[in-house]
Amino acid sequence: MFDKMTVEEISQRLEQVIQKSDAMKKEGEVATYLPCLSQIDPNGFATSIATTSGKVVESGDCDIKFSIQSISKVIDFMIALEDVGAETVFSKINTECTRYPYNSVRAIDDRVANPFINAGALTVCSLLKGRTVDERFQRVADKIKQLSGADEIRTQKEFHFVTDINRSLVYYLRGVGLIDSNVNVEEVLDLYVRICFIELNATEMAHMAGVLANGGRSLENNKQIIDEEIVKMGVSLMATCGMYESSGKFLMETGFPAKSGVSGGIMAVVPGKCGICTYSPRLDEEGNSLRGNIILSDLSKEFKLHMFV
């Protein structure tokens, strides 16, 4: 569809969808358990679409930088697959959605339920290669820079903030053998938190999603950035696990994969067509952007993006 439309036509229809969501822009609550998130403008808003053919459409304040939070887990997971292979990753992490909250210890059995809850992401971070935390972080930052097209990668100043729950999870994971006994779990925790506080704007995140929609190939020169098989695994799990407990409902309504973050961002991938990012910090009960959910559902209808019809 997008190939037959001009940027102006896409933009006009995007604005119509956004106007329909205006009634909900004051609904939902900003995450307050992280000090830096409680200080952001609750009414900040941006949406960007990056098509696989290179078109970019923006609405709202697409210059706003926000921490990517759990959206980073998609990239962590893909790098772990590159580093140690699928067999090792899936010996520790399962591929199933869970009815438990994203930070729950109950989602850990003989394996962690999936790589996109906190326990799964901590396990993933324990597998990333590098001699030091700084080296491992830089590898992830470089990959995100390459995927997003960002001029630079920076982190929020308060990235050092760690919740007690995450610290307890990482020690528990080592205690039950899902993180190797010789791994320094404080370094794993440090790495995980640093990556979560990498900042992008909506257009950069839409570009990253667009690369994934393009099978891991650059939107500029079609060069392979991430192996297509690894992209397939990551995007498939975004479809089934990316929106926490409401992943099934979201997939039914939109028909495409997405990953949310508690700062208010949602990164959506429409395979073969486009990447989309919405940013609106007010969250629903599951910790997903409330207005972002509505906009993505309406965009699916407006542009006929549902993969199953």
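User: Hi! How many aromatic pairs does the count come to here?
Analyst: Hello! This is a predicted model, and the count comes to six aromatic pairs. One of them joins Phe2 and Phe303, with 5.1 Å from centre to centre and 45° between the planes, which makes the pair tilted.

User: Where do Phe2 and Phe303 lie?
Analyst: Phe2 is in the segment before α1 (7-20), while Phe303 belongs to helix α12 (residues 290-303). The two are 301 residues apart in sequence, so their pair ties those parts together.

User: Nice. Are Phe2 and Phe303 buried or exposed?
Analyst: Both Phe2 and Phe303 are buried.

User: And what about Tyr102 and Tyr244, how do their rings sit?
Analyst: Their ring centres are 5.2 Å apart and the planes meet at 40°, so this pair is tilted. Tyr102 is in the loop between α4 (86-92) and α5, and Tyr244 is in the loop between α10 (228-241) and α11 (247-254). The pair therefore links distant parts of the chain, 142 residues apart, and since buried means under 20% relative accessible area, Tyr102 counts as buried at 16%. Tyr244 is buried too, with a relative accessible area of 3%.

User: Which residues do ring pairs link into a cluster?
Analyst: That would be Phe77, Phe90 and Phe116.

User: Which residues of α7 are buried?
Analyst: They are Asn166, Leu169, Val170 and Leu173. Looking down the axis of α7, these buried residues fall within an arc of 95°, so they line one face of the helix.

User: Why would residues three or four places apart point the same way?
Analyst: An α-helix has 3.6 residues a turn, so residues with that spacing point the same way.

User: What do the buried residues of α7 pack against, then?
Analyst: They pack against α5 (118-125) and α8 (185-196). On the face of α7 turned away from the buried side you'll find the exposed residues Asp164 and Gly175.

User: Which residue just after α7 takes a positive phi?
Analyst: Gly177 does, at about 85°.

User: What is Leu283 in contact with, leaving aside neighbours within four places in sequence?
Analyst: Its contacts are Gly28, Glu29, Val30, Ala31, Val262, Gly264, Asn288, Ser289 and Leu290.

User: Zooming out, what does the secondary structure come to?
Analyst: The protein has 12 helices and eight strands. Its radius of gyration is 18 Å, close to the 19 Å that the globule rule gives for 309 residues, so the protein is as compact as a globular protein of that length. Along the principal axes, the C-alpha atoms fill a box of roughly 55 × 40 × 35 Å.

User: Last one: among contacts with a separation of 6 or more, what percentage involves residues 24 or more positions apart?
Analyst: Those account for 69% of such contacts in the protein.

Note on methods:
Residues are numbered from 1 along each chain as its sequence is written. This is a predicted model: local features need pLDDT of at least 70, side-chain atom pairs count only at pLDDT 80 or more; totals for chains, interfaces and linings use all residues. Side-chain values use heavy atoms; hydrogens and water are left out. Buried means under 20% relative accessible area, exposed over 50%, partly exposed in between (1.4 Å probe, protein chains only). Helices (H or I, at least four residues) and strands (E, at least two) are DSSP runs, numbered from the N terminus. The arc is that of the directions from the helix axis to the C-beta atoms. Contact means heavy atoms within 4.5 Å. The radius of gyration is taken over C-alpha atoms; the globule rule is 2.2 Å times the number of residues to the power 0.38. Rings of Phe, Tyr and Trp (its six-membered ring) pair if their centres lie within 6.5 Å; planes under 30 degrees apart count as stacked, over 60 as edge-to-face and the rest as tilted.
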